[in-house]
Amino acid sequence: MSEIFSAALVGGLIGTFFGGFTKFLWEKWLPEWLTWRRTQRVERERQLAYVRAPAILALSDLHGRLGAIARTKAANHHYVKAMGQGDYYIDSTAYLVARAFAWQEILRRRMASYDYAELYARLESLTEAFSHGGRGFQVFRLEQTEIGERLISAFDDDNAACMSLSDFLDQCEQDHPPRWLSVLRKRVTALLEQPEGELCRTARIDRELIAVLAFLDPQRRWRPKDASEAIDVTTIVEDWRANHWVTPERANGLLAQAANAGLAPPPPVAAVTDRDGNAE
């Protein structure tokens, strides 16, 4: 009898505990948690609304410039260079790159307190795309941060702004431009003078730009449809080959490099034949 009483007592205590815990879970903790999550979501969207449009503009403009450089092998740069205005395309491209770094930094700062892991991951991938690889159009991680910080002209609770193009060009035209600007112009010049060698890096950067843009503007409300397609290395190389801008051997090498980087499909495997020429 005592054993039955003890079991009933223990069962009653356990039932009371779980009953109380369940009541706490459903009546207090869960509603508060859901309310906190909703508040976070609303606040994140509010904060993002302050910077979405200018950030999309900055990233879209860089996407457009990189696409034009890749498709034409920097023909616009060589055109204005032949006119004696080579600095124009270097400086304007440098500004587009620097402005993108600035808005990356603004997005990180603005959203740092709101658990935006997906946006953070995409920004990190974009940063990695710029810093990855060898010499040329390579901008190291902390160089990106510095350049971005230099271009931020205002940042507070309700305002974020980037240096204007005219102010940027004023710095370019100084007798002794800032160190960070000289470094950036050197890296951009490497891209414009060697677009062929930089094609894979350019395509990787462009792919990550599109990933961030897709997050900021999933409905394509701010972006035209043709500004949403990443650089297609295969199409570009085949166009170069058709226009005799690269040799067939060089084209095959670029496609193999792109395939190794995951930017193009692998080349077809050649069929193995026997001594009589029959496929095995």
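Reply: Let us begin with F168 in this predicted model; leaving aside residues up to four places away in sequence, F168 touches D91, A94, Y95, A98, L151, M163, W180, L181 and L184.

Me: Which residues touch the most other members of the largest nonpolar core?

Reply: That core has 69 residues, and those that touch the most other members are F130, L151, F168 and L216. The helix that gives the most to this core is α3, with 14 residues.

Me: How is the packing of two helices described in general?

Reply: Two packed helices are described by the angle between their axes and by the distance between those axes. Here, the axes of α3, residues 86–111, and α6, residues 165–172, come within 10 Å and cross at roughly 120 degrees. The crossing in which α3 passes α6 is right-handed.

Me: Which residues of α3 and α6 meet?

Reply: From α3 come D91, A94, Y95 and A98, and they meet L165, F168, L169 and C172 of α6. The residues of this contact comprise seven nonpolar and one charged, with no polar ones.

Me: Is P266 buried or exposed?

Reply: P266, which lies in the segment after α10 (248–260), has a relative accessible area of 66%, and because over 50% counts as exposed, P266 is exposed.

Methods: Residues numbered from 1 in each chain as written. Predicted model: local features only at pLDDT ≥ 70, side-chain atom pairs only at ≥ 80, totals over all residues. Heavy atoms only, no water. Axes fitted to C-alpha atoms, helices over the stretch in contact; angles between N-to-C directions. Helix = DSSP H or I, 4+ residues; strand = E, 2+ residues; numbered from the N terminus. Left-handed = near helix turned anticlockwise from the far one by under 90°. Contact = heavy atoms within 4.5 Å. Nonpolar A, V, L, I, M, F, W, Y, C, P; charged D, E, K, R; others polar. Core = buried A, V, L, I, M, F, W, Y, C linked by side-chain atoms within 4.5 Å. Buried < 20%, exposed > 50% of the residue type's maximum accessible area, 1.4 Å probe, protein only.
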